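Visitor: I have a structure open and I'd like to learn how to read it. Could you walk me through it, feature by feature?

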Amino acid sequence: MYEEYSSEHKEFIRKEKVTNNAVMISRIIILVALFALWEVAAEMRWIDPFIMSQPSRIVKTMVNLSKDGSLFLHTGVTIYETIIGFVSGTILGTLVAIVLWWSSFTARVLDPYLVVLNALPKTALGPIILVWVGGTTGSIIVMALLLSIIVTILNVYQSFKSCDEDKIKLLKTFGATKIQILRKVVFPSSIPEIISTLKINVGLSLVGVIVGEFLVSKAGLGHLIIYGGQVFKMDLVMTSVIILAIAAALMYLSVAWIEKKFVKMR
Amino acid sequence: MDKVVELKNVTMNYHTLEGETQAIKNLSLDIRRGEFVSIVGPSGCGKSTLLSLISGLIKSSTGEILINNEPVVGLASNVGYMPQRDHLFEWLTILRNTTIGLEIQKKLNKDTLRNAERLLEEYGLGEFKYYYPKQLSGGMRQRAALIRTLAVNPEILLLDEPFSSLDYQTRLAISEEIWLIIKKEKKTAILVTHDIAEAVSMSDRIIVLTRRPGEVKSEHDIQLTTCENKTPIICREAPEFRIYFNKIWKELDVHV
Ligand SMILES: Nc1ncnc2c1ncn2[C@@H]1O[C@H](COP(=O)(O)OP(=O)(O)OP(=O)(O)O)[C@@H](O)[C@H]1O
Ligand SMILES: [Mg+2]
């Protein structure tokens with residue numbers, strides 16, 4: 001591990017590092033420049049800060065919101081609902097995929113329904129869910145679940161089906177039952193696919209949560225955005241959007257991190 | 001003569017929506033205890049089908065298959081199957097991989113586990129038992145796959161082109177090793193291969209099949225004059241080796 005590398009190799013490593021740093025610095029410059037430009041443009045009245053908001057106002061809003069704790073409340077609510085949404089969507093979707101794998105008859109019967117449900121923009125069902133479940137957190141979670149479950153079913157079922165026939169045959173020669181085949185090979189070999197679906201579901205579930213919060217509008221970043229829009233507080237809207245972007249990125253990165261840990265473990 | 005496996009007028013038809021395929025037609029053969037038999041034949045002539053039939057994975061359309069004079073109903077219990085690729089499970093250690101058959105048959109206990117460990121020790125994988133398959137070379141993986149088959153202690157081994165995914169040198173070395181293991185564990189073996197040299201060097205007998213639908217075209221008892229420590233690699237030096245090779249090559253009638 002710790003052997004001496006040749007100077008040629010060291011030079012290669014050094015160049016790689018220089019490029020990596022340049023990429024990182026460029027990214028930061030873009031971000032800073034954008035915000036600086038925005039600030040200056042608003043300050044000079046090239047744009048109307050009342051409509052476009054302004055970084056310094058956003059910072060002020062953030063400080064005010066965190067003083068009374070409502071920032072953490074709303075962010076927390078959104079994150080909580082999203083996590084429940086994508087975890088339950090992934091688990092339930094995987095369970096349905098198992099049922100479909102178990103009975104290819106059921107899979108064939110349900111195929112067209114799944115295709116239609118997959119194509120349907122699930123957010124269109126929002127008002128229906130609101131009426132059926134009521135204006136509660138329940139509605140929001142159902143919305144998030146609905147968005148992620150169909151994709152999960154399709155992806156995971158596909159992955160179950162593409163499990164190597166010869167591996168299954170091998171277990172069959174040992175006399176494996178169907179449940180043993182599922183437990184010993186079909187499910188374990190699909191775990192990477194399930195985790196990558198989990199990653200997709202973070203984004204989908206977040207869409208469901210925000211739409212749900214728009215409709216239910218009691219708490220959460222979606223509620224803040226809708227509320228800010230209604231009372232024309234663009235600072236509040238922009239602040240919420242930025243926090244949402246950060247929260248989304250953090251959730252995605254955590255799942256990606258779990259995935260990496262998992263892949264390494266195997 | 002002690003017959004372990006006996007096929008009597010076996011025919012196998014596959015049915016799909018596209019049509020009916022006759023894979024094997026009216027095939028009869030006997031395998032004697034402790035024998036090493038190779039089956040060669042043109043591509044798609046039903047060799048893998050033949051092994052699936054013997055293992056009881058699929059049922060023949062007509063005809064009879066006997067193992068130890070008992071007809072095969074359902075899965076044959078004393079048959080071990082070794083596929084073309086090793087199919088080790090990447091998420092299990094080598095030890096867990098080699099005991100997967102025992103686990104499935106709910107026979108995993110102290111004794112059987114110790115036996116699997118003994119096999120790993122004996123055949124040079126002892127220090128790798130907690131490694132994952134991807135940390136092993138192709139030859140080592142193939143050996144682990146054989147041990148997985150041996151761990152459930154089958155009487156008859158069915159090997160379906162077990163070396164074809166290996167490069168030539170590994171293939172020579174590993175076929176030698178696996179042959180020695182099979183002889184040492186006193187198993188009856190049926191090997192399907194495309195490699196005539198491999199078949200001649202390893203087998204007591206070679207069965208040549210016709211094009212699909214597969215029938216027995218000819219059988220060859222392989223008798224090579226070598227010193228007493230006969231192994232596949234030494235067999236390749238025998239003067240008769242080339243004669244058998246050419247004879248079978250002509251019978252396979254390969255048109256390119
Ligand atoms: N499950 C199946 N359904 C339909 N046809 C099949 C099936 N399995 C095999 N066949 C057909 O039966 C014939 C024999 O197949 P088999 O796999 O036994 O041949 P093989 O001799 O092992 O070929 P290869 O040398 O390529 O391994 C082929 O024509 C194949 O297309
Ligand atoms: Mg084959």
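This is a predicted model: local features need pLDDT of at least 70, side-chain atom pairs count only at pLDDT 80 or more; totals for chains, interfaces and linings use all residues.

Visitor: How many bridges hold β1(B) and β2(B) together?

Guide: Count them along the pair: β1 of chain B, residues 3-16, runs antiparallel to β2(B) over 10 bridges. To get your bearings, find B:Val5, which stands opposite B:Ile31 in β2(B). Turning to β4(B), you'll see that β1(B) pairs with it, again antiparallel, over five bridges. There B:Glu6 stands opposite B:Leu66.

Visitor: What is the bridge partner of B:Leu66 in β5(B)?

Guide: That's B:Pro71. The strands β4(B) and β5(B) are antiparallel and joined by two bridges. Check the turn too: their hairpin has two residues between the strands, and B:Asn68 takes a positive phi near 50°.

Visitor: Now for β9(B). How many of its five residues are buried?

Guide: Five of the five, in a strand spanning residues 205-209. To read a strand, follow which way its side chains point. B:Arg205, B:Ile207 and B:Leu209 point one way, while B:Ile206 and B:Val208 point the other way, and all are buried.

Visitor: Which strands pair with β9(B), and in what sense?

Guide: Take the partners in turn. Strand β3 of chain B (residues 36-40) runs parallel to β9(B), with four bridges between them, and B:Val37 stands opposite B:Arg205. Strand β10 of chain B (residues 216-221) runs antiparallel to β9(B), and five bridges join these two. In that pairing B:Val208 stands opposite B:Ser218. The hairpin from β9(B) to β10(B) goes through six residues.

Visitor: Let's move to the contact between the chains. How many residues does each one bring?

Guide: Start with the head count: 20 residues from chain B and 18 residues from chain A. Then look at area. About 2,000 Å² is buried between the two chains, and carbon and sulfur atoms give 67% of that. After that, ask who contributes: B:Tyr81, B:Trp91 and B:Ile104 supply 35% of the area chain B buries against chain A, more than any other three residues.

Visitor: Where is A:Gln180, and is it buried or exposed?

Guide: Read its place, its accessibility and its contacts together. A:Gln180 is in helix α9 of chain A. Its relative accessibility is 9%, so it counts as buried, the cut-off being under 20%. Leaving aside neighbours within four places in sequence, its contacts include A:Gly175 and A:Val185, along with B:Glu103, B:Ile104 and B:Lys106.

Visitor: What about A:Pro121, buried or exposed?

Guide: Exposed, at 52% relative accessibility. You'll find A:Pro121 in the loop between α5 (104-119) and α6 (126-133) of chain A.

Visitor: Now rings. Why is the pair of A:Phe160 and A:Phe187 called tilted?

Guide: Check distance, then angle. Their centres are 6.4 Å apart and their planes are at 55°, so the pair falls in the tilted class, between the limits of 30 and 60 degrees. A:Phe160 comes from helix α7 (residues 137-161) and A:Phe187 from helix α9 (residues 178-216), both of chain A, and the two are 27 residues apart. A:Phe160 is buried at 1% relative accessible area, whereas A:Phe187 is partly exposed at 29%.

Visitor: Which rings does A:Lys178 lie over?

Guide: Follow the charged end of the side chain. A:Lys178 lies over the face of A:Trp101, 5.4 Å from the ring centre, and its charged end also sits over the ring of A:Trp102, 5.4 Å from that centre.

Definitions and conventions: Residues are numbered from 1 along each chain as its sequence is written. Chains are lettered from A and ligands numbered from 1 in the order in which they are written. Side-chain values use heavy atoms; hydrogens and water are left out. Rings of Phe, Tyr and Trp (its six-membered ring) pair if their centres lie within 6.5 Å; planes under 30 degrees apart count as stacked, over 60 as edge-to-face and the rest as tilted. Buried means under 20% relative accessible area, exposed over 50%, partly exposed in between (1.4 Å probe, protein chains only). A charge sits over a ring if NZ of Lys or CZ of Arg is within 6 Å of the ring centre and within 35 degrees of the ring normal. Two strands pair if DSSP finds at least two bridges between them. Contact means heavy atoms within 4.5 Å. Buried area is the accessible area (1.4 Å probe) that two parts lose on being put together, summed over both.
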